[in-house]
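Me: I'd like to learn how to read a few features of a protein model. Could you walk me through them?

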Amino acid sequence: MKTPYSYNTITDFLLSQPLTVDVEIDDDSAGCFPLKCVEFDATVLYVGVHDFSRLSLDLSPSEMLIYLNMFLVWMRDSLERERFCVVERFLDSAVLLLFSKRFGSDDPFLDALRTARWMGEHDELLFSPDMGIASGRVAAGFAGTPKEFTGSVFGRPVLLAAASARMKPPGEMASCITFPSAEWQGRLLQEVFPPLEFDHPEQGRVRQPPTWKLGEPRVVDIPGLGGTALRDVANFVHWMPKAAAREKAREWFSMIKAKGYYKNNL
């Protein structure tokens with residue numbers, strides 16, 4: 001049963017939970033620092049900004065900031081559908097979503113998949129995010145400098161989810177979710193991604209044909225992890241937007257300059 005609470009950030013979670021470790025370390029070389037963390041089992045959904053490096057080269061710095069904020073606002077809509085996750089920004093090029101029974105999820109992997117599905121089916125600005133999922137033991141803890149400590153997440157699932165997102169197969173897919181094949185556990189695609197139904201004014205209740213396909217297991221070489229069996233769920237229905245996020249970021253910045261809100265301070 002899902003619990004009636006949720007956490008918006010890692011820091012929220014850490015400040016409300018008994019800590020697994022709460023000590024201060026005094027190292028001869030590194031110096032003195034606190035160690036405060038909670039270990040728990042979770043599923044990590046890594047949602048990366050697709051082709052972040054190329055975007056950073058093609059767009060001006062301010063245009064890139066507009067693009068990133070558009071991406072995060074779009075992400076916010078998906079998070080409103082799934083209350084039981086902890087969110088973390090990852091090097092400004094990705095967002096980590098955590099799903100766990102600690103947050104009220106009955107099936108963390110399934111909740112992560114369905115959240116990723118929503119993004120794939122509501123990508124009208126063509127963000128085409130890189131999405132990877134992995135489960136296991138993680139540690140949420142504080143890390144930083146004496147001036148600022150922030151909450152972050154560590155563990156093999158974080159690495160594996162990020163690597164899986166970058167290992168999607170080639171092809172003309174509209175969106176793709178990649179994960180270790182062992183996570184699937186013999187599930188049926190029609191149960192995981194049931195067909196969408198809607199009311200048609202003339203035809204009554206209509207069931208939409210399946211748009212997602214489950215790929216066969218494939219072994220890829222992940223640096224540091226070696227040969228890893230992955231599997232993908234891909235959507236092949238493409239959006240036909242009026243303008244993609246890249247063009248809209250340029251348009252917004254052009255409008256900002258035209259209205260005199262851009263001031264070159266060099």
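**A surface patch and its strands**

Reply: Val23, Ile25, Phe33 and Leu35 form a nonpolar patch on the surface, with about 270 Å² of accessible area together. The elements that contribute two or more residues to the patch are β1 (21–27) and β2 (31–48). This is a predicted model, in which local features need pLDDT of at least 70 and side-chain atom pairs count only at pLDDT 80 or more, while totals for chains, interfaces and linings use all residues. Residues are numbered from 1 along each chain as its sequence is written, and side-chain values use heavy atoms, leaving out hydrogens and water.

Me: In what sense do β1 and β2 pair, and over how many bridges?

Reply: Two strands pair if DSSP finds at least two bridges between them. Here β1 and β2 run antiparallel over seven bridges, and a hairpin of three residues joins β1 to β2. Glu24, for instance, has Pro34 in β2 as its bridge partner.

Me: How many disulfides does the count come to?

Reply: A disulfide is a covalent bond between the sulfur atoms of two cysteines. The rule asks for a pair of cysteine sulfur atoms within 2.5 Å, and the count comes to zero. For Cys32 the closest cysteine sulfur is in Cys37, 16 Å away, so the two are too far apart for a bond.

Me: Is Cys176 buried or exposed?

Reply: Buried means under 20% relative accessible area, exposed over 50%, and partly exposed in between (1.4 Å probe, protein chains only). Cys176 is buried, at 3%, whereas Cys32 is partly exposed, at 48%. Ile25, in strand β1, is partly exposed at 32%.

Conventions. Patch = residues over 30% accessible without salt bridge, like charges linked within 9 Å, V, L, I, M, F, W, Y side chains within 5 Å. Areas by Shrake-Rupley, 256 points an atom, 1.4 Å probe, with all protein chains shown as cover. Salt bridge = Lys/Arg side-chain N within 4 Å of Asp/Glu carboxyl O. Helix = DSSP H or I, 4+ residues; strand = E, 2+ residues; numbered from the N terminus.
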